[in-house]
Amino acid sequence: MDKSITELHELLKNGKITSEELVKESLEKSKEVEEKYNAFVTILDDTKGKNVTDSLVSGIPFGVKDNYSTKDVLSTGSSNTLKNYVPFYTATVVQKLFDAGAIIVNKTALDEFGMGGTGTTCHTGPVLNPWDKTRMCAGSSSGSACAIASGVYPFALGSDTGDSIRKPAAYCGIVGYKPTYGMLSRYGLFPFASSLDHCGVLTRSVEDAAIVSDIMKGKDEHDMTSWDSSNIHLQESLTGDIKGKKLFYIKEICNLANYPNASEELKMHLQNFDKTLDLLKEAGAEVEEISIDQRLLNAIASVYVVISCAEATSNMSNLTGIIFGPRSDKQNIFEMMKDHRTKGFSPLIKRRFVIGSYVLQKENQERYFKNAARVRRLIVDKMKELFKEYDALILPVSSGPAKKFDEDKDVIDDNTNVLEEHLQIGNFGGFPSITIPNGFVNDLPVGINITGNCYDDENVLNIAYTLEGMMPYKGQIAKERE
Amino acid sequence: MKKQIAVIGLEMHCELKSNSKVFSSARNSYSEIPNVNIAPVDMAFPGTLPVVNKKCVADALKMSMTLNCKQPEYMYFDRKNYYYPDLPKGYQITQMNAPVGVDGKIEIEVNDKLIPVYIHDIHLEEDAASLDHFFDTSNIDYNRAGVPLLELVTEPCFHSADEAVAFLEHMRRVYQYCDVSEADTKKGQIRCDVNVSIMDEDATELGTKVEIKNVNSFGGVHDAIVYEIERQTKLKEEGRYSEVEQETRRWDEESGTTIRMRSKVDAIDYKYFVEPNIPKYKISKEWLEKLRKEIPRLALERKQDYIKNYGLSSYDAEILVKDKEISDYFEECLNLKIDAKSATNWITTQILGYINKHDLSINDLYLTPTRLKDLIEETNKGTISSKQAKDIFFKVIEEKKDIKDFISKDNVQISDKEELTKIIDEILSNNQSQIEEYKNGRTNIFDYFVGQVMKNTRGKANPVLTKEILTEKLK
């Protein structure tokens, strides 16, 4: 199960292994990982193997983040408000994988409804990092990232509203990819902030991410924001040739001089990033440093908070326990809703709902919500302008390796704020964005992120693929630190 | 106290006709059985998304055009956020920022006079579920959740209950003419909110506005307005106008009064924002033009045309335009060059009488305008008498045959003067004594001669012509 999709497909085709054996191994591994790292909400014990066809994922097990609707399988969003919810329909992207013959073996834990970046707010408890149990996986696709890094299966679905695929990928030393907004249908993904939400995938190689996304993508009549991508072929576009491509990085984020109190980890992380840039140049790409107005960068985090919290309060107003979820035994219907929500949501989410309501209130909307939308537009316009000249943006992910549980509780540190939050740019613009591992700091994996213009997924993946090929981290499985 | 005038504004909600709901694939159809017309999105199951029904948008734009509103450049929707058990998502998808129509103006007829009505806006939204309250439980029926709803908001431009109701009736007719809604109040397809305030006749500032929610019949709208004007006027007379509060009341049909629900101070902040799951959609000029062409000539215009250009009475014209199918039938008659008054007589008496009695649509009537034309022509020619025409009218419908099938040699009226003169001459020659009596002054035996002619022709002699010839001969 530590192999890639194409390797497994080959073995299945040649009859060296059976789908049944893979499922069995994956289930055993799931139980082990559950015990050690608490990565799952549900493990589907009675899963059977499937026929192997020409589809690369046929007969291969995979995991699904628990905020995807899966028919007849508990889907909780890792929230007590849906702790008993069994949907009667399956999300479009999951169904496409089913149709291609892939086999779901578990539902992975997440920060409640994707609203968190630590993996600590799941109703089933925190998810531990398989490289070091005292550290977090980041979030919100914590369980999926943990499972991939632990070799439970070659791919798992994630979702990404701020960085929820791409940051856990970095912390776990794996690949995390979210395609252009609308390339994957969101039908069946429990919404957090609809204008920022993306479906995506976590894998151990760029090629696997391409293969799975090729299967999942396409216009969906249930999602008006989805679009026809039949002319995009991700796997085929992985040529390993990036000669003449132009990439940029942002000086204000990458320059060590901007961090007067830099930790050792941060220094090593940024030095390592520079080495990766050298690899790009070696491969024939140009890399340039550009400068962006610091005020614009500083605004990223607050723009994100305002927009995501506002949309979240509205999106989650359906969680009343009346139609689904545990129903309150209070007598009056308004008391029932209140009781359900008071008991069901974690304090973090409630805090975000308060922020969301506040910024949407009539008297505050102009100052907060509408201004956030304007700044979002400024940031996106700036990026689009840069993408006219450059093929992609490359940046280090986070300020170092995975954080310790007692270190960070989703508190914004002014110092490294932009470094921690810049991936949200990819959500503001709906840009295709991928994280791949680029080395180790103190024996813990770190990652870089490559982001390109909308609809330019092929290019973004090919750059990541080329870089991956020049580094020894492809397919790596976590080795727990003592 | 100075003379008071009332100022009234209306919000009219009308359910639209469509195959599926406005944002879901569930059937848009009324059902007595609860929760049969539902899709996952109607019950807000997590992960479901709205998909806009283009036909509903098209119909909404048509209504916007009939009200002479301005249409937006882009179509998009907003969320109106509030908690209520009939609202599964916890928000309603509606239009706040860019409604399908704003700033409209139309003229309507009230007691044969035209008055202007100013439209604030008209917007497309989704209906809520319906609630049934019992002694200790309430049931939710999601059939109605997501049904397309057009909300029309007027400026406060009415001054009496009659004007307000005339507008509602006018609009009901517009919806029906454009075939975008059945607009049936009995099925709850039209629901209204009414704003009422009073002010001194010469005042420039409006008085305190009271909103009456959820009035579900036109009669109710009328009575609620009358009641509310009286209530406010009485308080003013008694020097207690300060007790009229800006508030929301509801119309209680049973007691015939309005009852306070909540003060405007407690008004909900709906925290509107743009619905992110529905991309902005550019409304092309070509599409608007195409839709405009699909709008039929409306009732008031037809009525004025009938009166002015065809000499109909206001009364008759009103009957003809009450229902678009009837009016279309009439216009088909005009196209066939049937005399407008004859067509009107036939439609307003025989045809409407028949279809009402048998609960038929005029379009199902076997007597098409073409057949009606034959019938009228044969009567005018004198081939058949008007009494015969009425018999044939029923026979054509019931036996589904043409007019000519009922006009045989046997029953054709004798309207040929020469032929009739011959017959009369013969009868007269056989009745010499009676002629003498007649000439001696017994003029009342004139009918005897008519009777003889009828007897001789087995009733087929044209009676008018018969009398004419007899008078001549007996001079």
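Which strands of chain B does helix H2 (residues 161-177) lie across? In this predicted model, H2(B) lies across strand E1 (4-15), E5, E6, strand E9 (148-154) and strand E10 (190-200) of chain B.

- Eight strands of chain B make up an open sheet with mixed pairing, and their order is E5-E6-E9-E1-E10-E11-E12-E13.
- The edges are held by strand E5 (101-110) and strand E13 (257-263) of chain B; each has a single partner strand, so one side of each is left without a neighbour in the sheet.
- On average, neighbouring strands of this sheet are turned by 30° against each other, direction ignored.

**The E5-E6 pair**
- E5(B) and strand E6 (residues 113-126) of chain B run antiparallel and are joined by nine bridges.
- Ile106(B) has Val117(B) in E6(B) as its bridge partner.

**Helices across the strands**
- H2(B) runs at about 110° to E5(B).
- Helix H3 (residues 218-237) of chain B lies across E1, E10, strand E11 (210-215), strand E12 (247-252) and E13 of chain B.
- H3(B) runs at about 25° to E10(B).

**Where chains A and B meet**
- Chain A gives 33 residues to the contact, and chain B gives 24 residues.
- On the side of chain A that touches chain B, the elements giving two or more residues are helix H9 (294-315), helix H10 (333-344), helix H11 (347-360) and helix H12 (362-389) of chain A.
- H9(A) provides the largest share of that side, three residues.
- By class, this side of chain A has 16 nonpolar, 12 polar and five charged residues.

Conventions: Residues are numbered from 1 along each chain as its sequence is written. Chains are lettered from A and ligands numbered from 1 in the order in which they are written. This is a predicted model: local features need pLDDT of at least 70, side-chain atom pairs count only at pLDDT 80 or more; totals for chains, interfaces and linings use all residues. Two residues are in contact if their C-beta atoms, placed from the backbone, lie within 7 Å. Helices (H or I, at least four residues) and strands (E, at least two) are DSSP runs, numbered from the N terminus. Ala, Val, Leu, Ile, Met, Phe, Trp, Tyr, Cys and Pro count as nonpolar, Asp, Glu, Lys and Arg as charged, and the others, Gly among them, as polar. Two strands pair if DSSP finds at least two bridges between them. Axes are lines fitted to C-alpha atoms, for helices over the stretch in contact, and angles run from 0 to 180 degrees between N-to-C directions.
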